[in-house]
Amino acid sequence: MNLALWLWRTAQRSGATPALFEGTTCVATYREFADQSAAIAASLAALHDIAPGDRVALFLKNTPAYLPALVGIWAAGAVAVPINAKLHAKEAAHIIADSGAKLCFVDGPGEDELPGCIRIDTGSDAFARLLAHTPVADPVERRVDDLAWLFYTSGTTGRPKGVMLTHGNLQAMTYAYLADVDEPRPGCASVYAAPISHGAGLYSIVHILRGSAHVVPASHGFDSDELLALGRHFGDVSLFAAPTMVKRLVDHAKSHGLSGEGLNTIIYGGGPMYLADIEDAVATFGPRFIQIYGQGESPMTITTLRRAAVADRQHPRWRERLASVGTAHSCVEVRVADEAGQPLPPGETGEILVRGATVMHGYWNNPGATADTVRDGWLWTGDLGALDADGYLTLKDRSKDVIISGGTNIYPREVEEALLTHPGVSEVSVIGRPDPDWGEIVVAFIVPRAGADISEAELDDHCVSSIARFKRPKTYVFVESLPKNNYGKVLKTELRTLF
Ligand code: AMP
């Protein structure tokens, strides 16, 4: 089944329902949204020779044109290649060349920087001509194994690879959302504060199915003040946010005496949420948070920490659960395995493997990397973790980030969690530095809170009070900010190059 059919059905059922918003202004109903996608689908084929299976890229900020273009690409039977708008044009050009995209929707200057493909600016007459085209009646037929989305990895360890996600993968992801994450209520507004090219856009599908309003902030990005105002305006907002965004939102709300009214469902994931930060978030906003753990290779769907588990302060193991990423999504098996892929008992740390309906079809044009990553149907995530007896998974680190000092494994995350409980520490990142005696030693990069005056000795004492002595950092580096990629993930590779 073609995913685009869900938009067709919602438009049939509730065509007059407001669908697309820029800030608080409605720019299209569901009937208009579906008509735009149908016209884009028709014109991609008729004017630009796009055939089923061809790739069409989207190098767009979060704008109201994004979703009609995305669904239009699917309706044409083509494969969408969403590219993070914050990437450099050269990086986007690499993705376009690698995917073989014939056409790219853009919303800015840079005419000469995307060679080899047709460029259509969503603000141009050319785009208006697509929208004015006679629409297709129905989406092109697609099977579950046909590709829908080439998801380029964020490339923290090398060139990004194209993860092949099928219509079936994205349908399974959507059902898993409804089974395990949340049920959007009628009148819900999905707000896109994080890039639509990534997790937030993947979640647009469930909101199309359920007929939610899709709200692109007028700032086209993340702005705490604006988000809090959108919550008050729409009354029932659902949004996906990276942990750093949640922290900024909560800090902002606290400093302005706001309670986050209307921001009812805040789904966080994509990077580590530290215990100190989520405790603070729950104390400020109450039961609004749900965590998901996923990766492009099993989009948004490996485990989830449900709303009740995040908020249940009475539970005897509430803190342990809050520090976990929750339990397996309904449609996947999750295993913590040894190097041979055999399951390890609860409490032991190994690599996290996933098998099920959301696991990617493979890497685009890269059978070697696919064979390394998906073995016997199991996706080797590269993340390390441990399950407890109740099935809650706690992530340790990416396997390549583990520090081996004196032959013992030290998980940076544990040291980071300990340092973050110091009141003078705002952000922290821990890495290993090569050392002739120990193999590696622990180094902590600290971003102090504004106005805080902290010493190494104080941090050392603080660590010793909560973690084993051998895990504490041997060196502290005080910095103003941490290097992050375009998704807000800390670039440990960049920190390592400092040594
Ligand atoms: P990406 O494919 O760019 O979405 O990155 C996926 C990676 O982000 C995972 O393999 C994890 O290392 C990390 N990640 C995703 N969700 C979480 C989470 N809830 N907590 C900690 N790390 C996460």
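Which elements cover the buried residues of α1?

1. This is a predicted model, in which local features need pLDDT of at least 70 and side-chain atom pairs count only at pLDDT 80 or more, while totals for chains, interfaces and linings use all residues. Residues are numbered from 1 along each chain as its sequence is written, and side-chain values use heavy atoms, with hydrogens and water left out.

2. The cover of the buried residues of α1 includes α2 (30-48), α3 (66-75), α6 (167-181) and α8 (204-210); contact means heavy atoms within 4.5 Å. In α1 itself (residues 5-14), the residues W6, L7, W8, T10 and A11 are buried, that is, under 20% relative accessible area with a 1.4 Å probe and protein chains only. Helices (H or I, at least four residues) and strands (E, at least two) are DSSP runs, numbered from the N terminus.

3. The ligand is surrounded by 17 residues, of which I292, Q295, G296, D383 and K489 are the closest; a residue counts if one of its heavy atoms lies within 4 Å of the molecule.

4. A polar side-chain atom of D383 is 2.6 Å from a ligand oxygen atom, and a polar backbone atom of G296 lies 2.8 Å from an oxygen atom of the ligand. For Q291, a polar side-chain atom is 3.0 Å from a nitrogen atom of the ligand.

Terms used
Buried < 20%, exposed > 50% of the residue type's maximum accessible area, 1.4 Å probe, protein only. Polar contact = N/O pair within 3.5 Å; in protein donor to acceptor, adjacent residues only side chain to side chain.
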